[in-house]
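Here is a short briefing on selected features of one protein structure. Read each point with the sequence and the model side by side.

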There are 2 protein chains.
Amino acid sequence: MVTLAEVAQHAGVSASTVSYVLSGKRSISATTRQRVEESIRELGYHPNAGARALASNRSNIIALMIPLRTDMYVPVMMEIAIAVATTARTHGYDVLLLTGEEGPDAVRRVTGSGLADAMILMDVELEDERLPLLRDGGVPAGAQSRAGDDQPSVLIGLPADTDGLTCVDLDWTATGALCVEHLAGLGHRDIAVIGEAPAVYERHTGFAERTLDGLRSRARETGVRLLHRPCEGGYDAMAVTLARIFDERPGTTGFVVQNESAVEPLLALLRQQGRAVPEDVSVVAICPDQVAVQASVRLTSVAIPAQEMGRRAVEHLVAKLDGRGGDGVVLLPPELTERASTGPATAAS
Amino acid sequence: MVTLAEVAQHAGVSASTVSYVLSGKRSISATTRQRVEESIRELGYHPNAGARALASNRSNIIALMIPLRTDMYVPVMMEIAIAVATTARTHGYDVLLLTGEEGPDAVRRVTGSGLADAMILMDVELEDERLPLLRDGGVPAGAQSRAGDDQPSVLIGLPADTDGLTCVDLDWTATGALCVEHLAGLGHRDIAVIGEAPAVYERHTGFAERTLDGLRSRARETGVRLLHRPCEGGYDAMAVTLARIFDERPGTTGFVVQNESAVEPLLALLRQQGRAVPEDVSVVAICPDQVAVQASVRLTSVAIPAQEMGRRAVEHLVAKLDGRGGDGVVLLPPELTERASTGPATAAS
DNA sequence: AGGAGATGTCGAAGCGCTTCGACAATCACT
DNA sequence: AGTGATTGTCGAAGCGCTTCGACATCTCCT
């Protein structure tokens, strides 16, 4: 193990000088800097993370809390996680992976031990039990908040009360509205929504409920009839749901699908029933572009910008850690890409 | 920030006593222990991770290196990652998430800085460039390996040369063999393999090549004809591949699918062509059970035991860190579950 | 030419913890 | 009663780094 002191000796300078070369916090003459850098390279020196964390009170680690459950769409989570990790690295941070399992205790543990400098939470519920620990930088109300002594956090997702929090999320309400708008614009009057699994709604996950709000309010505005049915993923569940939908609203010509694992089953079933997409029935999906493109019909879709969300979350967090920028909510505007699964409502349908 | 010293003062003991209560490395009288524990609770003390790492030369962090690319089946990665994280926690470790992006440098950085005590690598290639840094606990050949001073690692995946390495993987060769065996046993003489995307083979990812080996050698043994075609996921690619297969081998009645994103497209296409599953054509998939169950036909499949792999990897690593157990290769035996997608080959087909 | 201000370097303190050796106090035997 | 082992606690050193104030040098202005 090579230490700072050894580098200093090798370069013929003091330890503090080496430290300043590394951190750049004081000016160092070009010649000295070169000599030190040379020694670092020659000896293969790597600063000890623990010592650094102890002395500087900064670990350069961001904690990322991901949900344990797998009823959410996994590829999106993964994409966010990877975006977080790579973006963090570009800012000199590493990422600690926490699962939701420990719940609020994980927040306390990480905060208390100084293991991480900051936190990103995914899959936030509307009334999340972790939130009280995070508001206003994690400093309990009434405590003196010395600068740099708090634990900034960013949520990916939007709780009911965003006071004192920083959040990044897709604007799900607008997403819902956009889907209805698109179908309504094509003349569809009867739209069915294939929602997430019932468990997702029961948990009061913000995105699911907000999407529904958006769908409904725009449906009201455009005079469209909306039928919302939660649906577990998979073929069998989709078959049951679809049958019910056509029972209740035989005239349904538009579909909005939020549960990605229902997309392909839906298309297969429609085909099987002799309903052509998009001639007889139009389908809009809310899913990553990759899914939309790979499906058996190229899907008109609103993309879930997973990478963007991860990236933005980290950038906000880093800004906070650097003392720039405070709380606030970032809602990414949805974008609808028209592909081959939607078309004008026909009289025949 | 509550420190050890404050706890000691509050409990009326010395700092070292508190430390020993925490670590259990020396015996402490019951009364003292209680008093200390009481103080810890009362003050809400959390040991500082940096200080601990510095003093003990142990960070209690395991680094997990996941691939950046998304051409591998993502849910499997995610499941492994989550299993690693939760298992690690039960052993008192946290998990640091590294992406493949930095490559071998990440290994050096983490090893050199003492950020992590150990490492788990996923998506290992047959001749992975990170391997030289890991052999024999990460200690360069010739160096004196003091106990506890090295960086144990476990690979999830199997490189060509496993000397001085610890590996956990599904036995892909046996998996391939098992698939052919099952189909051959049902009387199928012409089997097509829908492989991973070409890029996966080009990268010399062990699992893809080994599966193929297993498939081929068992095909030879059972006198079955095998046609292997790599396939990007998605509907269009699958359509092209399938057409080619039936062109070249019109008598094909058995399919083995390794690329999960080709499963549903394959089923849809077969249906479309009027080939019934399992009456006309049998399909065996290599995929997580969840996928097999949710598909439009309940698939006979060999499961990918993602959780098991993650768990085993951590357990091996912890054993190494505790000085128990050394290197070695763990190959999990594949298990085939018969569902509704395979049946006897009929004369008609 | 002389002093004010930059500029570059150093020594030392200290971050919060672990761990080693020392030392009382207690206990179990002759 | 005296010895040796055992048990429980403490003080101090030190892990490798950052950072503050001090100091020596150099630069530039009047």
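In this predicted model, B:T222 belongs to helix α9 of chain B, which covers residues 206-222. The points below start with that residue and go on to a helix pair, the nonpolar cores and some backbone details.

**B:T222 and its surroundings**
- B:T222 has a relative accessible area of 30%, so the residue counts as partly exposed.
- Leaving aside residues up to four places away in sequence, B:T222 touches B:V180, B:A184 and B:R189.
- From B:T222 to B:G234 there are 12 residues in sequence, and the two C-alpha atoms are 32 Å apart in space.

**A pair of helices in chain B**
- Two packed helices are described by the angle between their axes and the distance between the axes.
- For helix α5 (residues 74-90) and helix α13 (residues 306-321) of chain B, the axes come within 7 Å and cross at roughly 40°.
- Because angles under 35 degrees count as roughly parallel and those from 65 to 115 as roughly perpendicular, α5(B) is oblique to α13(B).
- The crossing of α5(B) and α13(B) is right-handed.
- On the α5(B) side, the residues in contact are B:V76, B:E79, B:I80, B:A83, B:V84, B:T87 and B:A88.
- On the α13(B) side, they are B:A306, B:Q307, B:M309, B:G310, B:R311, B:V314 and B:E315.
- Sorted by class, this contact has 8 nonpolar, 3 polar and 3 charged residues.

**Nonpolar cores**
- The largest nonpolar core has 108 residues, and the members that touch the most others are A:L64, A:I120, B:L64 and B:I120.
- A:L64 is in contact with A:A81, A:V84, A:V95, A:L96, A:L97, A:L98, A:I120 and A:M122, not counting residues up to four places away in sequence.
- A second, separate core has 38 residues, among them A:I61, A:A63, A:V107 and B:L131.

**Backbone details**
- Most residues other than glycine have a negative phi, and most peptide bonds are trans.
- The peptide bond from A:V277 to A:P278 is cis, with omega near 10°, and A:P278 lies in the loop between α11 and β9 of chain A.
- In chain B, the bond from B:V277 to B:P278 is cis, also with omega near 10°, and B:P278 is in the loop between α11 and β9 of chain B.
- A:N57 is not a glycine, yet has a positive phi of about 60°; A:N57 sits in the loop between α4 and β1 of chain A.
- B:N60 is not a glycine either and has a positive phi of about 60°; B:N60 is in the loop between α4 and β1 of chain B.
- The relative accessibility of B:N60 is 28%, so B:N60 counts as partly exposed.

Definitions and conventions: Residues are numbered from 1 along each chain as its sequence is written. Chains are lettered from A and ligands numbered from 1 in the order in which they are written. This is a predicted model: local features need pLDDT of at least 70, side-chain atom pairs count only at pLDDT 80 or more; totals for chains, interfaces and linings use all residues. Side-chain values use heavy atoms; hydrogens and water are left out. Helices (H or I, at least four residues) and strands (E, at least two) are DSSP runs, numbered from the N terminus. Buried means under 20% relative accessible area, exposed over 50%, partly exposed in between (1.4 Å probe, protein chains only). Contact means heavy atoms within 4.5 Å. Axes are lines fitted to C-alpha atoms, for helices over the stretch in contact, and angles run from 0 to 180 degrees between N-to-C directions. Angles under 35 degrees count as roughly parallel, over 145 as roughly antiparallel, 65 to 115 as roughly perpendicular and the rest as oblique. A crossing is left-handed if the near helix is turned anticlockwise from the far one by less than a right angle, and right-handed if clockwise. Ala, Val, Leu, Ile, Met, Phe, Trp, Tyr, Cys and Pro count as nonpolar, Asp, Glu, Lys and Arg as charged, and the others, Gly among them, as polar. A nonpolar core is a set of buried Ala, Val, Leu, Ile, Met, Phe, Trp, Tyr and Cys residues joined through side-chain atoms within 4.5 Å.
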